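Here's a quick tour of a protein model, written for someone who likes cut-offs spelled out. Have a look at the sequence and the coordinates before reading on.

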Amino acid sequence: MATTYNPVIQQNTTWEVNVTITNSDNTPFDLTSFTGQGQIKALPTDLIALAPLTVTVTSALAGKLKIHLPMTQAALLPVTSIAVPPKPPLPVYDVLIGNTDKSQVFSILSGSITVKAGVTHWTP
């Protein structure tokens, strides 16, 4: 069920991605009793996350959810370089979904994140 996706996120912006989860036969995965959570970390083994990801089920029967990182959290992510390998290493993330009693927990999305420096600082 897990898919690798390596996004580019710009500091000082909101990042969102919409995901549709399907079963092996390509029918929508029923998310009726599921919630989700995700984290961005500098390293997978870190105990403290750089930022939490908000995971919202947008259409349970259609297997649709939204993953969201607010501008205020994106502003705090460390800028990564384009050097190979990047310095510092790229932050990593994953998103899990679990049913109500957590008897089923699945990794649905994971990868590394390239963070671009933000130039404009939005002021409301």
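Where is the place of Lys 102? Lys 102 sits in the loop between β7 and β8. Helices and strands here are DSSP runs (helices H or I with at least four residues, strands E with at least two), numbered from the N terminus.

Before going further, some ground rules. This is a predicted model, in which local features need pLDDT of at least 70 and side-chain atom pairs count only at pLDDT 80 or more, while totals for chains, interfaces and linings use all residues. Residues are numbered from 1 along each chain as its sequence is written, and side-chain values use heavy atoms, with hydrogens and water left out.

**The overall picture**

The protein chain has one helix and nine strands, in the order β-β-β-β-β-β-α-β-β-β from the N terminus. Its C-alpha atoms fill a box of roughly 40 × 35 × 25 Å along the principal axes. Of its 124 residues, 30% count as buried, where buried means under 20% relative accessible area, exposed means over 50%, and partly exposed lies in between (1.4 Å probe, protein chains only). Taking contacts (heavy atoms within 4.5 Å) with a separation of 6 or more, 66% are between residues 24 or more positions apart.

**The core**

The largest nonpolar core holds 24 residues, and Leu 65, Ile 67 and Leu 69 touch the most other members. Elements that give two or more residues to this core are β3 (15-20), β4 (34-41), β5 (51-59), β6 (64-69), β7 and β8 (105-112). Such a core is a set of buried Ala, Val, Leu, Ile, Met, Phe, Trp, Tyr and Cys residues joined through side-chain atoms within 4.5 Å.

**Lys 64 in β6**

Lys 64 belongs to strand β6 and is partly exposed, at 36% relative accessible area. Lys 64 and Val 19 are 45 residues apart in sequence, yet their C-alpha atoms are 5.7 Å apart in space. The Lys 64 side chain also makes a polar contact with the side chain of Thr 20 at 3.2 Å. A polar contact is a pair of N or O atoms within 3.5 Å; within protein, one must be able to donate a hydrogen and the other to accept it, and residues adjacent in sequence count only if both atoms are side-chain atoms.

**Polar residues under cover**

Thr 80 lies in the loop between α1 (71-74) and β7. Its side chain reaches the backbone nitrogen of Val 115 at 2.9 Å, and beyond four places in sequence Thr 80 touches Leu 90, Pro 91, Ile 113, Thr 114 and Val 115. Asn 99 is in strand β7 (residues 92-99) and, with neighbours within four places set aside, is in contact with Ser 33, Phe 34 and Gln 104.

| Residue | Relative accessible area | Class |
|---|---|---|
| Asn 99 | 10% | buried |
| Thr 80 | 10% | buried |
| Asn 12 | 11% | buried |
| Lys 102 | 43% | partly exposed |

**Two positive phi angles**

Most residues other than glycine have a negative phi. Asn 12, in the loop between β2 (8-10) and β3, has a positive phi of about 70 degrees although it is not a glycine. Lys 102 is not a glycine either, and its phi is positive at about 60 degrees.
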